[in-house]
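Trainee: Could you take me through the reading of helix packing and of a nonpolar core in a model like this one?

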Amino acid sequence: SDVCSSDLLHEGKFAEADDIVRRQIVELEARNPDHPLLGAPYFELGRVQSMRGRSREAMASLEKARGFVERNPRQGPESFIMAGILSVMARAKMVTGQYAEGIALLNRSIAIREAKTNMESDDPIQGLDRIITLAGDYMLAGRSADALRTMQQALAVAERTTGAGSVETAMVLTGLAAMSR
């Protein structure tokens, strides 16, 4: 079976996720050190490093990811992946006490997500994930009213697209309850 780093991250297997992503980077760089697809594995490596509490390493990986994504004509500075990079960078900055820089990055991520997030996505699960991520960014930025409103929208989308009794709806309800406290 093909194991991906995101699955390993969800399972808390950070070292294994780190290993897989580093192998992807080595493989792509061997073909072309400026390969346009290097942004995604460097982003994933930054996520892994951030989750492992290695904020400085994460920032270096995320800066590389940012550069590749900005130069990739199919992604660019206004893409969802860029919003993700900026969001993880914001968290890494905030963990190291650089709150103003973190909030600035987070606000940029939010602006991209607000412009790009479609409440009626062709892929309901991906669309729902994007709405929930936007709500999380609002919460981290201290915009609790926006976070709550967005999670309420996520609940409506989840109920309509996956059903009231679905796992996705239950996850949104759990997030909504946590934000309401």
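The dialogue below turns to one helix pair and then to the cores.

Mentor: The model is predicted, so local features need pLDDT of at least 70 and side-chain atom pairs count only at pLDDT 80 or more, while totals for chains, interfaces and linings use all residues. Residues are numbered from 1 along each chain as its sequence is written, and side-chain values use heavy atoms, with hydrogens and water left out.

Trainee: At what angle do helix 7 and helix 8 pack?

Mentor: Two packed helices are described by the angle between their axes and the distance between the axes. Helix 7 (residues 124–140) and helix 8 (residues 144–162) pack at about 165 degrees, with axes 8 Å apart; the axes are lines fitted to C-alpha atoms over the stretch in contact, and angles run from 0 to 180 degrees between N-to-C directions. Helices here are DSSP runs (H or I, at least four residues), numbered from the N terminus. The two are therefore roughly antiparallel, a term for angles over 145 degrees.

Trainee: Which residues does Met151 touch?

Mentor: Contact means heavy atoms within 4.5 Å. Leaving out residues up to four places away in sequence, Met151 touches Ile132, Ala135, Val172, Gly175, Leu176 and Met179. Met151 of helix 8 also belongs to the contact with helix 7.

Trainee: How many residues are in the largest nonpolar core?

Mentor: A nonpolar core is a set of buried (under 20% relative accessible area, 1.4 Å probe, protein chains only) Ala, Val, Leu, Ile, Met, Phe, Trp, Tyr and Cys residues joined through side-chain atoms within 4.5 Å. The largest has 41 residues, and Met151 is one of those that touch the most other members, including also Tyr42 and Phe43. Helix 5 (80–95) gives the most to this core, with nine residues.

Note on methods: Angles under 35 degrees count as roughly parallel, over 145 as roughly antiparallel, 65 to 115 as roughly perpendicular and the rest as oblique. Buried means under 20% relative accessible area, exposed over 50%, partly exposed in between (1.4 Å probe, protein chains only).
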